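Grab a pencil and let's work through a protein model together. Try each task on your own before you read the solution.

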Amino acid sequence: MPAAYTLKDFTSLLRLLAERGVDYVVIGGCAVGAYAQLQGEAVVSADLDIFTTSSALHELLAWAPLHGIVVVKQPQPRSIPVAVLEWNALEVNVLTGAPGLPSYGVVARMAREFELKEHGALVVPVADPLDILANKLTAARDKDQPHIEILRGFIEEEIVLAFETQRGRRRVMLARRYLEVLGRPMLAEPLAARLLPLAADPIDFRFLAGRVPTKRQALEVVDRARARGAEVDDIYAIVSTRTFEIPD
Amino acid sequence: MISSDCAKALGCMGPATADHRLHRGQQLVRLNTRPCYAMDMNPDRDTDRRELRSIAQREANQTASRAGLSLPFPNPWDELDTTKLPRDASAQQIHERVRRLSEICRKPPCQRHTL
């Protein structure tokens, strides 16, 4: 049975990196595990994957052996840019590029902070769930499928929360990015059904009118917009010129 | 409704046709925005005239610059970016500018979760 770890198993190493000032973001299974834990689910990983810049990686490779970290594999030309480290018999993969992931600068800017309360409030940067999802969808390995489901569940809850609590463009921003990452033009029917009763702003109506998967739901958007006193001509123009994934 | 000749003279699209409505709908779906014909954004429209205007404005700017006068067609972004430096700025000035710019364009707060 493969070894199974969570982010918390790597706390001492992450603290060392933080003290050293290494720029990194956690990606991979441990990152998915962190988001899973927020949903009350458990996801474990065989190793820790961290994403960094090429210059930080070179610095790390020089610094690691001095701190009891074994460099098992150096990144090789013309292969996946990854260095494999071993720390306290745990495997740590340090990547400077991964399929589907944007550049390090983008990932770091979008990253979230996870505070590990029981470990001296250590703050660990973890890649945004949409970036991890993009990576997992591009890699498309069998073992990633449960991770994809976890991430989609987490993101969809946040999309619903944004419709409930945010104002203006922020209401639909996450949903729009989610569709971009999935490469889909329309929302899945269950998610659309959850968002419809929350639609309140003109931006919600325009977004949903173009992205609900059924004509019935699209007409519901128009009705709801009319009931809320919004201008329905634009919304009807969207509905009348688009196609639908699911025939009514 | 305006005639197509009149529309041409006014520089607008004229009466909406079925095609226009279709394109408008598609634009709304694609951009998730309110309708905007955005005629001035069309790269195929008046390209020659716009190019000549740009060249003339640039030349006027260069002439004014050589004469030590203020630019007749300044870059509108310069007014917004109060940290802009002259071309011969020192390293110290550039460093100070980056610091001031990072205060103006502050990184949005990071979302934080607790485990």
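This is a predicted model: local features need pLDDT of at least 70, side-chain atom pairs count only at pLDDT 80 or more; totals for chains, interfaces and linings use all residues.

Residues are numbered from 1 along each chain as its sequence is written, while chains are lettered from A and ligands numbered from 1 in the order in which they are written.

**Exercise 1. Find out how α7(A) and α9(A) cross, and which residues make the contact.**

Step 1: Locate the helices, which are DSSP runs of H or I with at least four residues, numbered from the N terminus (strands are E runs of at least two). Here α7 covers residues 170-182 of chain A and α9 covers 202-211.

Step 2: Check the axes, which are lines fitted to C-alpha atoms over the stretch in contact, with angles from 0 to 180 degrees between N-to-C directions. They come within 9 Å and cross at roughly 20 degrees.

Step 3: List the contact residues (C-beta atoms, placed from the backbone, within 7 Å). From α7(A) come A:R171, A:V172, A:A175 and A:L179, and from α9(A) come A:I203, A:D204, A:F207 and A:R211.

**Exercise 2. Work out which strands pair with β5(A), and in which sense.**

Step 1: Recall that two strands pair if DSSP finds at least two bridges between them.

Step 2: Look at β2 (residues 48-51) of chain A, which pairs with β5 (residues 90-95) in the parallel sense over four bridges. In this pair, A:D49 stands opposite A:N93.

Step 3: Now take β4 (residues 82-87) of chain A, which runs antiparallel to β5(A), with six bridges joining them. This time A:V84 stands opposite A:N93.

Step 4: Follow the chain from β4(A) to β5(A): they form a hairpin with two residues between them, and A:N88 in the turn has a positive phi of about 50 degrees.

**Exercise 3. Describe how the two domains of chain A touch.**

Step 1: Look at the contact, where 15 residues of domain 1 meet eleven residues of domain 2. On the domain 1 side, the largest share, seven residues, comes from α5(A).

Definitions and conventions
Domain bounds come from an automatic or database domain assignment.
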